[in-house]
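Okay, thanks for coming, everyone. Let me put the structure up, and then I'll walk through a few parts of it.

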Amino acid sequence: MPNQLANQNSPYLLQHKDNPVDWYPWGEAALQKAKTENKPIFLSIGYAACHWCHVMERESFEDPATAALMNKDFINIKVDREERPDLDGIYMSAVVAITGQGGWPMSVFLTPDLEPFFGGTYFPPVPRHGMSSFSQVLNKIAEMWAEKADELVLSGQKLTEHLQSQKMGTQASSVPLTKDTLEAATLNLIQSYDWNNGGWGSAPKFPQPMSILFLLRQASLGDQQALKVSEHALNAMAKGGIYDLVGGGFARYSVDDHWLVPHFEKMLYDNAQLARAYLHAYLLTGEPYYRQITEQTLDFVLAELTHPQGGFFSSIDADSEGEEGKFYVWDIAELEKLLTDEERALLKETHEISSAGNFEGQIVLRRKTSGPITPEVNGKFEPIREKLFNARSTRTRPATDDKVLAAWNAWMSITFAEAGRYLGRQKYLHAAQNNLGFLLDNLIHNSRLLRSWREDQAQHTAYLEDYAGLILALLALYQSDYDNRWYQQAHRLTDQMIELFSDETGQFYDTAHDQPDLLLRPQEIQDNATPSGGSLAAQALLQLAAYTGEGRYHDLAVKLLSPLQEMLAGYPAAFGSWLAALDFALGDVKEIALLGDLGGEAGQALLSTINKRLQPNMILAASDFPPADSAPPLLQGRPLIESQTTAYLCQNFTCQQPTSDPDILQDQLGQTARHNHPQQKE
């Protein structure tokens, strides 16, 4: 008989609806039951694409004997970390404090007052590798709760006090923002770079798209070493392994140092950020291979992670048919059967192919050499790729987590909007338009943004990252199609974000002030696999300040950035999105107002000049003349010059002479003619 998760909407929770465990979703019913029965809570947090979550389910949660122990002595609650990042953040901090490390599945024991007193991650079904079995843990905690509950309660109180002290946030600071922070962060990233394997850190090795995007910002200003590091990192990942050479898209991370064997799940947020990094690298270098990786990744998202109504799905599982990576790997016999002699020879010449395999006797497809491949070799490989793709398509596919999350969709829309704008690809622009239209139509209820949508049901109050991410996506799309709807919604959501998430001191929290049932109000400063809500808020506030000329937005962003500068300089890999915000705040932002016939030859020539090269610290407002009242203030009160389409460039509160000449505008922008990428019109 299904448990209490049967009526939930999350694919992760629904995976557990038939467990013999009497699971509850987080909510009033479960929390009140724990208090009424005076039982400890067992809180299990994971996500649908999590391999070890599946393992623990098979070993423990599907086992009737283990479930009986859980049902007898605990109130058991399941949480999808992607729907409830607030709960995940709070209790992950507790697990890290208890064990020194975190991860998923997360297993935490709470008092009925929600205070954590013991926790860990994966527990095996039998004692193994120095770990107690899950049943041993359950029995011991049940025994202690029966005999020494006061000790566990005291332990929970002390741990909660520790968590409170860690979540006090940053102290107000009047230290001025300085470019020294950016220079120190850049040097730190360059010096800590792994030139042998690419990227930063050791196994398990995670992509660092925020660090790369920050370095590409510095490269856009002429820092050649920052560009060299960025290209090396992008080339190392694009070889294959973590990058799917057959179907496009990136896996979550590599289990080794050199990007060969991925942890095979594909997450929307990774592909959003990595595709943007390759796009920016293409705009800076003109290297066609970076454009190819960008487009293959975006095409993968359109093909496999896009709802017919426009939303983007969250992830694709690592497992299929109970085996991790089975959908993606090859054996030598299969390759020999599929390919001609000539194709096999080319594949062995250019890729790491051997009868012994490179992953548990199987082959994870990867190229032999780093760096961009020539169009000739790429053209020869394409028929092979198509054969492999068609053969792979007949296999049992991994499951897709088809919920739509506001923040993750926003990051993907930013990349689609920029790709549509810079590459001239209408299908990418349409993807961003459809997605943001979908989010605005389906995830806003009673004027408030919600976090998650699936099967026509939206739920969960949105978090700071949802609001700020959506604001940035709306502004990115506005700069690609100049529809005032996107700008107006961004402006409205920014004011609502300030009202819901900030306090009187100017600090921003991850949850709104009216979020119920929380042990504490979380405030995650560090950027992790995804940008922190605070860093996104700072970027959104700075962009809106440039559009509106309202200093209050800029001042709030500076309040967020000022006290963090020492951490940004010393630990840049943990603050990549914050560094992007600081760079924008210090970057002499170019504000461009373009008015006139945007679709005409003169308007298109000016737009082509503006979009010729990556300039991260630039914002664009554009409109036919005269601009509507709903257009950004940046456009208002500016006449045309001799009735011609006219561009105004302002910087540091000073405006250049308005012009209708693309060459003059290019000189004003400080662009060179070195990288002039022809747009591919559709």
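This is a predicted model: local features need pLDDT of at least 70, side-chain atom pairs count only at pLDDT 80 or more; totals for chains, interfaces and linings use all residues.

**Helices and strands, piece by piece**

Let's start with helix H3, where the buried residues are His51, Cys53, His54, Val55, Met56, Glu57, Ser60 and Phe61.

Next, strand S4, residues 106-110. How many of its residues are buried? 5 of the 5, so S4 is largely enclosed by the rest of the structure. And that goes for both faces: Met106, Val108 and Leu110 are buried on one side, Ser107 and Phe109 on the other.

Who are the partners of S4? Well, strand S2, residues 41-46, pairs with S4 in the antiparallel sense, over 5 bridges. If you want a spot to look at there, find Ser107 in S4, with Ser44 opposite. Then there's strand S5, residues 116-120, also antiparallel to S4 and joined to it by 4 bridges. Here Phe109 has Phe118 of S5 as its bridge partner. S4 and S5 form a hairpin with 5 residues between the strands, and in that hairpin Leu114 takes a positive phi near 75°.

Okay, on to a helix pair. H15, residues 406-423, packs against H16, residues 426-442, at an angle of about 150°, with the axes 7 Å apart. With an angle over 145 degrees, that makes the two helices roughly antiparallel. The crossing of H15 past H16 is left-handed. On the H15 side, the contact residues include Asn409, Phe416 and Gly420, and on the H16 side they include Tyr428, Asn435 and Leu439. Which kinds of residue make up this contact? There are 10 nonpolar and 4 polar, with no charged ones.

Last stop: an open sheet of 4 strands, in the order S18-S17-S19-S20, with mixed pairing. S18, at 618-623, and S20, at 654-655, are the edge strands, each pairing on one side only. Between them, S17 (590-595) and S19 (646-651) run antiparallel over 5 bridges, and Ala593 sits opposite Tyr648 of S19.

Now, out in S20 we find Thr654. Buried, exposed or partly exposed? Thr654 has 49% relative accessibility, so it counts as partly exposed. Thr654 is also 63 residues from Glu591 in sequence, with their C-alpha atoms 10.0 Å apart in space.

That's my tour, so over to you for questions.

Key. Residues are numbered from 1 along each chain as its sequence is written. Side-chain values use heavy atoms; hydrogens and water are left out. Two strands pair if DSSP finds at least two bridges between them. Axes are lines fitted to C-alpha atoms, for helices over the stretch in contact, and angles run from 0 to 180 degrees between N-to-C directions. Angles under 35 degrees count as roughly parallel, over 145 as roughly antiparallel, 65 to 115 as roughly perpendicular and the rest as oblique. A crossing is left-handed if the near helix is turned anticlockwise from the far one by less than a right angle, and right-handed if clockwise. Contact means heavy atoms within 4.5 Å. Ala, Val, Leu, Ile, Met, Phe, Trp, Tyr, Cys and Pro count as nonpolar, Asp, Glu, Lys and Arg as charged, and the others, Gly among them, as polar. Buried means under 20% relative accessible area, exposed over 50%, partly exposed in between (1.4 Å probe, protein chains only).
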